[in-house]
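Please open the model in your viewer and keep the selection panel at hand. The stops below are meant to be taken in order.

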Amino acid sequence: MNRLQIKSSTLLSIGGSVAAVAVALLLGALVMSASGASPVEAYQALWDGAFVGRRSIAETLVYSAPLILGGLAFALSSRAGLFNIGIEGQLITGGFVAGLVGAWDLGLPGSVYVPLALASGALGGMVWGFIPGFLKAKTGAHEVITTIMLNYLAMRGITYLVLRRDDVLPVDPSFIATQKVVDAAKLPILLDRTRLHLGIIIAIVAALVLWYVLFHTRFGYNVRAVGLSKGASAYGGIKWGATVTIAMALAGGLAGLAGAGESLGLHGRHWATAPGYGFTAIAVGLVGRNHPLGVIFSGILFGALNAGGPSMQSADVSKEIVQLIQGFIILAIAALEVVNRLPAIRSRLARRSAAQKAGA
Amino acid sequence: MEDFFTLDLLTRILRVTTPLIFAALGGLICERSGVINIALEGLMLIGAFFAVAGTYWTGNVFAGLLIGMACAMVGALIHAVWSITFRGDQIVVGTAVNLIALGLTAFLVKAIWGAAGGSDRVHSLPKVGSMSILVPVAFALVPVVAFILFRTKQGLRLQACGEHPQAAVSAGIDITRYRYLAVLSSGLLAGLGGAYLSIGNLNYFTLDMTNGRGFIALAAVILGGWSPWGALAAALLFGAAEGVQVQGQSTPGFPISSDLMVAMPYIVTLIAITLFVKTRSGPAGLGTHATTS
């Protein structure tokens with residue numbers, strides 16, 4: 001058999017994601033028409049803003065990097081059976097810690113400083129992911145509520161630290177941000193006269209590593225097993241508690257890396273605002289079918305939507321439509337699940353009518 | 001410090017608790033029927049926006065209130081169709097509704113008022129003393145919801161749909177109908193809570209003005225053990241934390257940093273949920289369907 005042959009189920013998932021995006025773009029067009037704008041012009045502007053020209057492509061990839069990493073964080077937690085709504089908090093915690101380490105000026109050369117700052121950002125996110133994982137494993141506290149609370153806690157806590165603790169931390173209260181990251185800790189720029197930094201490479205490498213871990217290591221097998229069935233995996237000797245805790249911590253680490261890339265690569269400091277990437281990351285994970293390689297593509301898609309969004313202004317469409325389209329995409333994906341279940345529903349109906357006939 | 005414990009503090013607490021009560025009662029009814037509702041946040045935002053837009057369009061604040069509630073119910077209908085009829089993952093669907101609410105309100109604010117940050121000023125609902133008339137309404141709704149849930153046939157049937165959907169179906173209860181009604185009620189109540197924020201407490205809409213209150217309300221439902229009185233107590237706890245923080249900010253010499261006080265509700269929720277999760281669990285059939293497909 002040809003090893004390159006793709007399984008039909010994979011093709012179905014890809015087709016489903018493409019169809020969901022198409023339906024969502026169509027719904028977005030309806031909203032634009034209703035507000036009196038031309039959807040054709042708006043989408044043309046979106047396309048130009050995202051893909052036409054060197055600078056546009058660079059911007060798309062700049063936006064894609066944190067979304068791919070956030071999408072991977074969502075995918076990893078989902079594979080372990082947890083719904084990680086806390087990516088936002090994990091991301092800003094990572095960005096803040098990386099921003100602090102980068103601003104401290106430790107006098108290190110870039111070859112040491114950059115990995116150190118990135119790792120500390122990942123560690124910050126890991127702590128913020130470990131907490132809900134650990135609470136879930138130990139007490140059963142539902143991760144949706146704990147991660148939402150941790151999101152707000154991270155936002156409030158970081159705001160407090162940057163505004164009030166400039167006595168001990170390298171923060172700048174007048175900017176509501178950390179101080180500037182020193183040059184040695186900055187991620188290198190990949191393309192002259194653009195903002196494209198190393199973050200996109202880090203994201204793609206992370207996706208490949210996660211793909212390997214999920215599908216070719218024992219830990220990855222355990223993660224997928226507990227996600228599919230807590231009971232059956234326990235019967236097979238897999239420790240559920242340890243697995244979900246580690247999976248959530250690693251997911252937090254991926255999100256923290258996303259935030260670190262923003263601080264060290266894009267902004268040169270951590271701004272104490274919430275970028276809202278945590279929620280987009282959920283859409284990225286869902287469209288990528290929680291598969292690391294799928295997440296690369298859906299991350300670039302959402303990066304393009306974000307990068308090209310402001311260009312739609314030229315067609316009198318505000319960039320907020322992008323958020324709306326993201327919501328539509330999730331709804332469309334959820335609706336497609338129904339279509340996937342149709343054979344099962346049909347056979348159930350057939351059984352029911354057969355039973356009724358037998359009864360009569 | 002003497003100026004800290006004043007009547008002002010009390011009214012402040014009542015004011016910030018009110019939207020939480022509305023949304024928590026809505027979330028409670030929804031979850032009691034077996035449908036998880038993290039869309040409360042988005043439904044509140046839709047209610048807040050369309051209450052202002054409706055008042056702006058009609059020039060009548062009561063018409064605005066009704067329009068806000070009706071639009072939140074439309075949002076809830078999406079949640080219901082996807083969660084109940086399509087049997088989608090209820091958390092995924094709730095996330096979608098929240099994103100749509102954020103995007104739609106931001107888009108419409110620009111389309112209607114041309115400004116990016118918020119709406120023009122409109123009339124606000126009448127006040128009783130210094131508080132909106134919706135404040136007493138929220139508190140009065142608690143016993144009403146408790147009565148409906150625990151003392152009426154419909155309320156008990158609703159609970160059966162959440163506790164044991166299969167048994168409810170066997171007993172001849174139209175579980176789909178009850179769940180739809182429950183989700184729609186949560187839209188109505190969350191919309192009311194949102195409208196309180198925009199045309200009750202203030203007289204305009206700003207972007208993302210719910211600022212996590214829908215999520216806090218959901219936490220109040222869980223913390224309150226899925227009972228109306230428990231939810232009220234939890235909502236008051238969160239309201240007190242926020243009220244004390246705002247009051248502390250305007251009281252010179254208040255010992256705790258107000259930035260840290262803002263974080264209190266979240267810390268309280270985290271600790272409480274961790275401690276109580278074993279003794280208080282939700283409806284057994286939460287998030288499940290009557291039949292497996």
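The tour goes from a pocket to cysteines, then to aromatic rings and to charges over rings.

This is a predicted model, in which local features need pLDDT of at least 70 and side-chain atom pairs count only at pLDDT 80 or more, while totals for chains, interfaces and linings use all residues. Residues are numbered from 1 along each chain as its sequence is written, chains are lettered from A and ligands numbered from 1 in the order in which they are written, and side-chain values use heavy atoms, with hydrogens and water left out.

**The largest pocket.** Select Arg79(A), Gly288(A), Arg289(A), Asn290(A) and His291(A), which lie nearest the centre of the largest pocket among its 49 lining residues. A pocket here is an open set of points on a 1 Å grid over the protein atoms alone, where a 1.4 Å probe fits, with protein on both sides within 12 Å along at least five of seven lines, and lining residues have an atom within 4 Å of a point. The space in this pocket comes to about 1,700 Å³, taken as that filled by probe spheres set on the points, which are joined across faces, edges and corners. Next colour helix H1 (residues 8-34) of chain A, which gives the most to the lining, with eight residues; helices are DSSP runs (H or I, at least four residues), strands likewise (E, at least two), numbered from the N terminus.

**The cysteines.** Move to Cys30(B), whose sulfur is 12 Å from the closest cysteine sulfur, in Cys161(B), and therefore too far for a bond; a disulfide needs two cysteine sulfur atoms within 2.5 Å. Over all chains the structure holds zero disulfides. Cys30(B) is buried at a relative accessible area of 0%, and Cys161(B) is also buried, at 0% (buried is under 20%, exposed over 50%, partly exposed in between, with a 1.4 Å probe and protein chains only).

**Aromatic rings.** Ten aromatic pairs are found over all chains, where rings of Phe, Tyr and Trp (its six-membered ring) pair if their centres lie within 6.5 Å, with planes under 30 degrees apart counted as stacked, over 60 as edge-to-face and the rest as tilted. Select Phe74(A) and Phe83(A), an edge-to-face pair at 5.3 Å centre to centre and 85° between the planes; both residues are buried.

**Charges over rings.** Finish at Lys230(A), which lies over the face of Trp240(A) at 4.0 Å from the ring centre, the criterion being NZ of Lys or CZ of Arg within 6 Å of the ring centre and within 35 degrees of the ring normal. In chain B, the charged end of Arg177(B) sits over the ring of Tyr178(B), 5.7 Å from its centre.
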